[in-house]
Amino acid sequence: MNKRVVVIISLLVAIVAIPVIMRRESSTVSPRKADDRLVIITPHNESIRYEFGEAFATYWKRTTGQTIYLDWRKPGGTSEIRMVLDAGFTAAKAGGHEGIGVDVFFGGGEPDFDAQAKLGRFIPLTVFDKHPDWFGESGVIPQTFTGETYYPADHTWVATCMSQFGICFNPDFLKRLGIPAPTKWEDLGDSRYAGTLALADPTKSGSVARAFELLVQNQIQLELAKTGADQEQAIAAGWEKGLQLIQRLAANARYFTDSAPKPPQEVGQGNAAAGMCIDFYGRSFGDELRTRDGQPRVKWIVPQAGTTLSCDPIAVLKGAPNPEIAQAFVEFCLTREAQTLWFGKPGTPNGPISRALHRIPVRKDVYAPEILANSTMPEAHPYSDEGNFTYRKELTGKSFSTLRNLVKVMCIDSHEEMKTAWNAIREAGMPADALAVFSDVSIMPYAVGGKGDPLLTSKDSMVAAKRADELGEWFRSNYRKAEAMARASKLPPSANR
């Protein structure tokens with residue numbers, strides 16, 4: 001690669017890195033006074049960064065006698081982190097370097113870590129050699145659970161805690177709307193929710209994208225469970241129903257936010273009736289936002305047989321400036337001491353200092369009575385609880401990137417046309433012919449999207465943009481047509497469901 005290209009790439013990296021550099025922070029000693037330093041890129045919120053920073057600094061001082069400065073880098077969610085890593089490693093390769101000046105990638109979803117591992121950007125974790133008894137069926141961290149992978153065969157990343165995607169809702173808001181509390185994903189597609197749902201953009205958050213994937217797989221598994229169902233037809237039908245359910249949720253949405261924590265916040269503040277969110281956001285806002293008589297303004301539930309226990313991993317990056325400390329940090333995150341941080345009450349033994357984190361630890365042995373008694377989830381038993389479904393990667397695993405981009409063109413870019421059509425359909429009494437046009441997703445059958453649309457997810461931005469434009473125009477045209485059909489309908493407006 002010639003010098004001019006290297007310079008251009010370096011400049012691009014600098015531009016991408018600006019928000020990372022500007023968001024450096026540390027809850028430990030200053031960098032000038034610290035004996036050691038660790039650079040961590042993460043999507044984790046401030047509470048997690050602070051609590052794990054303080055806990056590891058204490059642990060490091062106790063075990064090594066050294067002080068340490070934790071340099072947290074938070075460019076945004078996992079989508080932004082992916083862009084930073086892509087740009088950084090591209091520039092490093094062009095300049096003949098191995099690393100990008102970052103030691104640890106902490107937090108996100110299994111798809112993001114799996115993708116980075118396949119690109120060769122992680123190194124094997126030494127904790128598997130040091131503590132082999134922690135892992136496997138006889139250990140405290142299984143390799144798989146509910147169909148989710150908690151660490152790969154090459155040991156390049158490992159789960160530190162677990163997450164569930166579910167529904168958050170405001171009980172008072174639902175009471176005013178006359179809607180019962182939701183129990184499953186399909187409930188959020190009820191037209192009575194129109195204009196009151198809070199949803200997040202899956203292209204901005206890996207966790208949100210995974211929630212949409214699980215929603216679709218839930219519909220596929222429901223079809224497969226039907227007596228006498230032909231497998232191929234059931235999968236295709238479930239895929240179609242999943243996309244149509246996403247359409248109804250999007251049509252009911254007030255807007256799509258770029259921030260994954262915003263839906264439960266909006267629900268708690270009374271700006272939205274319900275929304276989709278990850279468990280710890282729902283629990284955190286439920287704990288913080290309460291009525292005058294102490295009742296939670298946000299309740300979070302697991303949709304019936306509608307989610308899994310996915311993992312939140314950690315990895316050491318290739319070319320890490322301080323690989324030994326990075327490996328020690330990973331090991332620390334898997335100790336019983338650190339695992340208790342995830343769900344301990346502030347001020348309790350091994351609990352957080354300031355704020356509860358409301359996360360589900362991955363180690364089985366922290367669900368002991370004496371630890372649960374000091375936790376924010378005393379009834380938690382994730383390894384024995386029923387209600388989850390078993391994720392089957394072969395059904396929707398290849399569609400992850402396709403789905404997040406499809407939701408953008410199908411629901412976000414055309415949201416105004418979608419909402420206008422949906423309101424016209426509601427006012428007309430939900431006429432079947434208009435609904436059929438509104439819900440037409442035949443342009444993206446399972447045979448294409450379920451296997452991963454190669455055009456929509458192409459690395460060639462021009463190819464991907466052309467496919468997105470094609471899909472976007474298809475859906476906008478359908479929404480406009482459905483609106484016109486609904487307005488022409490002569491059904492009485494009183495039949496509005």
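Helices here are DSSP runs of H or I of at least four residues, strands are runs of E of at least two, and both are numbered from the N terminus.

The model is predicted: local features need pLDDT of at least 70, side-chain atom pairs count only at pLDDT 80 or more, and totals for chains, interfaces and linings use all residues. Residues are numbered from 1 along each chain as its sequence is written, and side-chain values use heavy atoms, with hydrogens and water left out.

Start with confidence. pLDDT is the predictor's confidence in each residue, from 0 to 100. The protein chain averages 91, and 92% of the residues score at least 70. Contact means heavy atoms within 4.5 Å. Where pLDDT is low, the predicted coordinates should not be read in detail.

Back to R476. Its relative accessible area is 19%, so R476 is buried (under 20% is buried, over 50% exposed, in between partly exposed; 1.4 Å probe, protein chains only). Leaving aside neighbours within four places in sequence, R476 contacts D413, S414 and E417.

Next, a helix pair. α8 (residues 231-252) packs on α15 (residues 400-412) at about 50 degrees, with the axes 11 Å apart. Axes are lines fitted to C-alpha atoms, for helices over the stretch in contact, and angles run from 0 to 180 degrees between N-to-C directions. The angle therefore makes α8 oblique to α15 (under 35 degrees is roughly parallel, over 145 roughly antiparallel, 65 to 115 roughly perpendicular, the rest oblique). From α8, the contact uses W239, L243, I246, Q247 and A250; from α15, L403, L406, V407, M410 and C411. Of these residues, 9 are nonpolar, 1 is polar and none is charged. Ala, Val, Leu, Ile, Met, Phe, Trp, Tyr, Cys and Pro count as nonpolar, Asp, Glu, Lys and Arg as charged, and the others, Gly among them, as polar.

G189 lies in the loop between α6 (171-177) and β9 (197-200). G189 counts as buried because its relative accessibility is 8%. Not counting residues up to four places away in sequence, G189 touches L245, R248, L249, N252 and W422.

Finish at α10 (residues 279-288). Here 7 of the 10 residues are buried, so the helix is largely enclosed by the rest of the structure. Among the buried residues are F280, Y281 and F285. The buried residues of α10 pack against β7 (158-163), α9 (262-268), β11 (274-278), β12 (299-301) and β14 (360-361).
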